[in-house]
Amino acid sequence: MSSQGEIVWVDDEIDSLKSQILFLKNKGYEVTPLTNGYDAIELLKEKQVDAVLLDESMPGLTGLETLAQLKEMHPHLPVVMITKNETEHIMEEAIGAQITDYLIKPVNPNQVLLSLKKIIDSKRLVSEKTTSAYQQDFRNLFMALSSNPNHEEWKELYKKLVYWELEMVRSNSIEMMEVLNTQKQEANTEFFKFIEKNYEKWIKGASQAPLFSHQLMKEKIVPNIDEKEKPTFVILIDNLRFDQWKAIQPIISDYFRVVEEDLYYSILPTATQYSRNAIFAGMLPMDIEKKFPNEWKNDDEEGGKNLSEAVFLKYQLQQLRKGDLKWKYVKITNNEDGKSLEDNIHNYLNNDLTVIVYNFVDMLSHARTEMEVLKELAGDEVSYRSLTVSWFEHSPLFRALKKIADKDIQIIITTDHGTTKVKTPSKCIGDKQTTTNLRYKHGRNLQFEDKQVLAFRDPSKAGLPRPNVSSTFIFAREDVFLCYPNNYNYYVNYYKNTFQHGGISLEEMLIPIVRLQSKG
C-alpha cells in the first residue's frame, strides 16, 4: 500500500495507543511513536513529516511548550492537539499557537483518521472531486458552445468557464486546467464569430441586442438609485475582469451583501476612451463626437481622452430626468487621490449618488513601471488575479469602503472593459497616423491579415467616429496582437503573454456589474 502520509504521534502513554497506531498503519500511514516532547523536537530537527499528533498533558515539556518549539522550527507544520482537558484557556492558547485541529481523549480511531484526512488528503480529495465534476460538465459546456448560443447564453457560458477556472486553481488540478484552457480557447473562437456576425446589427438597434456600455447607466444604475432611501456609490474599477471580481468578492463580502450580479457587454473597441465615455454619456462614441465636438478626442488627437466624464455624466443624468440628484464624480489616478478618498469618504454620504472612477491598472503598474516588472508579477491568469486581490486588500478604496460599511448604503461595482492575454502576433501596416494600441487600430491605409481581425471600413457601422474620410477600424480576435513589420521580432517578444485590451474576447467584452448593500 502506498503511504498516505508520515505522522509523528507524541504521548507519554504511547503504549496504550498501540491499537490506534496499528489502525492508522493499516490505512496506509507511516507512524513514528514518541513518549515526550524533547524527542519530538530532536526528531523534527532532522526529519520532515506531514503531521504531528501531540498530547497536551505530558510530564517535563508540556504539549503547549512542545508546540511552541515545533512551530518555531516549522511554522506551517500541521499539529493536532489531543487532550483530556477541556479548559477554555488551554484551548485558546493552543488555537492561538495555530494548531490545525483539536481532539478530546479518549479519541476514537476514526476521529484521528478524519482529522488526518482533512489535513493531508484534503487537497487530493478536493482535486479529485473538482476534476470529476468538471469532466461531467465538460460535455455540457461543449454542447452549449456548439448550439449557437445567444447573448444571454454566452454570459452563462462564460460564468461557467470562470467558475471552473477558479475551482481548478483552488484544487491544483493541473492536467484538467490544460483541458479547460483549450475549452476557453474554443469558446473565444466561437465568441469572435458570434460578435462578427451580430455586432453591426446590434449597434444599429436590433431588438435582440445585449446590454452595452452606453446603456449601462440608464438600464442598470439609475433605476436602482433611490434618493429618499440610501446613498448609492458607483465604483468603476478600470480593467476589472469578471474572474478578478470573483477573486475579490470574498473580501468585500465580509462587509457587504451581494444583491445582484450580472455581466454586460463592452462596446468595441474595448478601450477606456471609448467604453468609459460611452458609459457616462449614455451614447455611442460617434454620437458623443457630434454632441460634444470639443470634448471628444480621437486617438490621434492631442490631450487626455477621458477628461470630460463628469460633463458627460451631468448631461446623461439630465436626459434621464435625474438632474436634481445630489451627485459627485471622483476620479482616482494615483495613491494620493486614493488617500484623499479614504479621508473624505464620510462626506460623500450626503450625496444621493457618488461615482468613483478608480484607475486600477495605472496604480498596479505604478505610474507605468517598465512592462517587464508587470510581466514578471502577472505572467499568467492566476498571478494576475492574485495581484488584483493583493492590490484591492491593501488599497485606499477598500479602506474607504470599510469606513462606511456600517452605514445604510448601496454600492454598485462595475468596469469599462476587461483584458486578455495575447499570444498570437499578426502583421499590420499603416501610416504615421495609425493608432498604437495592440488589440485595435484605426487609420487610413491599413493593411492587415483579414482572418485575424474584424474590420469596419465604415466606422459608423460600429457606432464609431470617422477620424478621417478613409479611416478603417480593426479589432483583433481571440489572443491576437497587432504588430508593425519594423522591429517585428522585438515587439513580438516584448508583448507576447502580456495582458492587453481593445479587441474581441470573452475576457474583454463580458464584464461585471454588481450591486451590493451594507449588511447592517
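Start in the loop between strand E5 (101-104) and helix H5 (109-146): that is where Pro106 sits. The model is predicted, by the way. What kind of peptide bond joins Lys105 and Pro106? A cis one, with omega about -10°.

Now go to the loop between strand E7 (256-265) and helix H10 (272-281), which holds Pro269. The peptide bond running from Leu268 to Pro269 is cis, and omega is near -10°. For context, most peptide bonds are trans, and most residues other than glycine have a negative phi.

Arg321 is not a glycine, yet its phi is positive, about 60°. Look for Arg321 in the loop between helix H12 (309-319) and strand E8 (327-332). There is a positive phi at a glycine to show you as well.

Helix H7 covers residues 174-204, 31 residues in total. From first C-alpha to last, H7 reaches 44 Å. At 1.5 Å a residue, 45 Å is expected, so the two values are close. Where is the kink in H7 centred? On Asn198, and the kink is about 45°.

Next, helix pairs. Two packed helices are described by the angle between their axes and the distance between the axes.

Pair one is helix H2 (residues 37-46) with helix H3 (residues 63-73). Their axes cross at roughly 5° and come within 10 Å. H2 and H3 are therefore roughly parallel to each other. On the H2 side, the contact is made by Gly37, Ala40, Ile41, Leu44 and Lys45. On the H3 side, Thr66, Gln69, Leu70 and Met73 make it. By class, the H2 contact with H3 has five nonpolar, three polar and one charged residues. An α-helix has 3.6 residues a turn, so residues three or four places apart point the same way.

Pair two is helix H13 (residues 335-344) with helix H17 (residues 396-403). The packing angle is about 5°, and the axes are 8 Å apart. Parallel or antiparallel? H13 and H17 are roughly parallel, since an angle under 35 degrees counts as that. From H13 come Asn335, Gly338, Lys339, Leu341, Glu342 and Asp343. They meet Pro396, Leu397, Arg399, Ala400 and Lys403 in H17. By class, that contact of H13 with H17 has four nonpolar, two polar and five charged residues.

The crossing of H9 past H16 is right-handed. H9 contributes Asp243, Gln244, Ala247, Ile248, Ile251 and Ile252 to the contact. H16 contributes Glu381, Tyr384, Arg385, Thr388, Val389, Phe392 and Glu393. By class, the contact of H9 with H16 has seven nonpolar, two polar and four charged residues.

That's my list. Over to you.

Technical notes
Residues are numbered from 1 along each chain as its sequence is written. This is a predicted model: local features need pLDDT of at least 70, side-chain atom pairs count only at pLDDT 80 or more; totals for chains, interfaces and linings use all residues. Side-chain values use heavy atoms; hydrogens and water are left out. A crossing is left-handed if the near helix is turned anticlockwise from the far one by less than a right angle, and right-handed if clockwise. Helices (H or I, at least four residues) and strands (E, at least two) are DSSP runs, numbered from the N terminus. Contact means heavy atoms within 4.5 Å. Ala, Val, Leu, Ile, Met, Phe, Trp, Tyr, Cys and Pro count as nonpolar, Asp, Glu, Lys and Arg as charged, and the others, Gly among them, as polar. The bend at a residue is the angle between axes fitted to the seven residues ending there and the seven starting there. Axes are lines fitted to C-alpha atoms, for helices over the stretch in contact, and angles run from 0 to 180 degrees between N-to-C directions. Angles under 35 degrees count as roughly parallel, over 145 as roughly antiparallel, 65 to 115 as roughly perpendicular and the rest as oblique.
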